[in-house]
Amino acid sequence: MRVIVECDNGAMSKRAAVFVANLVRRKPDCVLGLATGGTPVGMYQELVRMHNEEGLCFSEVTTFNLDEYYGLAPDHKESYRYFMQQNLFDHINVKPEKTHVPDGLADDVDDHCEKYERMIDESGGIDLQVLGIGSDGHIAFNEPGSSLGSRTRAKTLTQETIQDNARFFESQGEVPRFAITMGVGTILESRRCLLLANGIKKAKVIAEAIEGSVTMQVTASALQMHKDVIAVIDEDAAFLLERRDYYQHVEDMTEEWERMCDKG
Ligand code: GLP
């Protein structure tokens, strides 16, 4: 896993946006896996800026979001579909029919989840999956105890997640109790994962996910099994990492390594 530590949330967001933008430039019809929550907001702002000022074009891009609250309509202000429209889709030239978010109102959830998986397959698979991390170590809504081979399905939210996400709702009682979420197995099939985290509240769980054991109690730790993960985190979130100096050393040596490879 490549671990990049940036000084703050702004620098983290810009660095993460460069990975996304480089892919979109190199492969205009790429498939992006997208995340919600507070963490990726700055990255989306930077992508919108790149679209407006640098002509970054999303017209051929396909997107799949990780998850959606069960029971919320797409136009509900706290739905993840609404979040994506507000924070990204409405400000770039992605084609609406190429954006996918699980349907929180699906009648037949199992059937909907199977179709979601099939659509990802038929699109050629996700090239780059953006991920945040929950304070209980979840990726998407794969709460502790989720199988590391899990696929898109309905999931019961933990009390901790409900409390964390209550800040977006009028009251805790309004936070949905269930979600439809890509599974850990689905996420691990993405060709590359980009894990973002900022703030001291994420320090413990980031240390567990990156340097702890692989366990379904911290589903983000499953990323250790993936061959191409880039974690872009800020100083606060990196606070409890033991091998931080080495991660920085690797970054410092990258240029030298590339120079040596060029010569060879
Ligand atoms: C939700 C989402 C996750 C996200 C997490 C962290 O639970 N389902 O995809 O990573 O929140 O959110 P935040 O970035 O606001 O800390």
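What follows is a chat about the overall fold and then some charged pairs.

Visitor: What kind of model is this?

Guide: It's a predicted model. The protein chain has eight helices and ten strands.

Visitor: How do you know that the radius of gyration agrees with a compact globule?

Guide: Set the value against the rule. With 264 residues, a compact globule would come out near 18 Å, and the protein chain has 18 Å, so the two agree. As for extents, the C-alpha trace spans about 60 × 40 × 30 Å along its principal axes.

Visitor: What share of the residues counts as buried?

Guide: The cut-off for buried is under 20% relative accessible area, and 52% of the 264 residues are in that class. The accessible surface comes to about 12,500 Å², with 49% of that belonging to carbon and sulfur atoms.

Visitor: What share of the contacts join residues at least 24 apart in sequence?

Guide: Count the contacts between residues at least 6 apart in sequence, and 78% of them join residues at least 24 apart.

Visitor: How many charged side chains are there, and how far apart are the centres of the two sets?

Guide: There are 28 positive and 44 negative side chains, and the two centres lie 3 Å apart. Side chains of opposite charge can pair when their charged atoms come close. A search of the whole structure turns up 17 salt bridges.

Visitor: Why is the pair E54 and R25 called a salt bridge?

Guide: The definition asks for a side-chain nitrogen of Lys or Arg within 4 Å of a carboxyl oxygen of Asp or Glu. In this pair the closest N and O atoms are 3.2 Å apart, so by that definition it's a salt bridge. The pair links distant parts of the chain: E54 sits in helix α2 (residues 41–54) and R25 in helix α1 (residues 9–26), 29 residues apart.

Visitor: Why are E54 and R25 called partly exposed?

Guide: Partly exposed is what lies between buried, under 20%, and exposed, over 50%. E54 has a relative accessible area of 42%, so it's partly exposed. R25 has 43%, so R25 gets that label too.

Visitor: What makes E60 and K95 a link between separate parts of the chain?

Guide: E60 forms a salt bridge with K95, with the closest N and O atoms 3.2 Å apart. E60 lies in the loop between α2 and β3 (62–65), and K95 in the loop between α3 (80–87) and β5 (99–100), so the pair ties together parts that are 35 residues apart in sequence. E60, at 35% relative accessible area, is partly exposed, and K95 is partly exposed at 29%.

Visitor: How do you know that D111 and K115 form a salt bridge?

Guide: The N to O value is 2.9 Å, and the cut-off is 4 Å, so the pair qualifies. D111 and K115 both lie in helix α4 (residues 109–122), four residues apart, about one turn of the helix. D111 is partly exposed at 31%, as is K115 at 42%.

Visitor: How far is R49 from G183 in sequence and in space?

Guide: They're 134 residues apart in sequence and 31 Å apart in space, C-alpha to C-alpha.

Conventions:
Residues numbered from 1 in each chain as written. Predicted model: local features only at pLDDT ≥ 70, side-chain atom pairs only at ≥ 80, totals over all residues. Heavy atoms only, no water. Helix = DSSP H or I, 4+ residues; strand = E, 2+ residues; numbered from the N terminus. Rg over C-alpha atoms; globule rule 2.2 N^0.38 Å. Buried < 20%, exposed > 50% of the residue type's maximum accessible area, 1.4 Å probe, protein only. Contact = heavy atoms within 4.5 Å. Areas by Shrake-Rupley, 256 points an atom, 1.4 Å probe, with all protein chains shown as cover. Lys, Arg positive; Asp, Glu negative; His and termini not counted. Charge placed at Lys NZ, Arg CZ, Asp CG, Glu CD.
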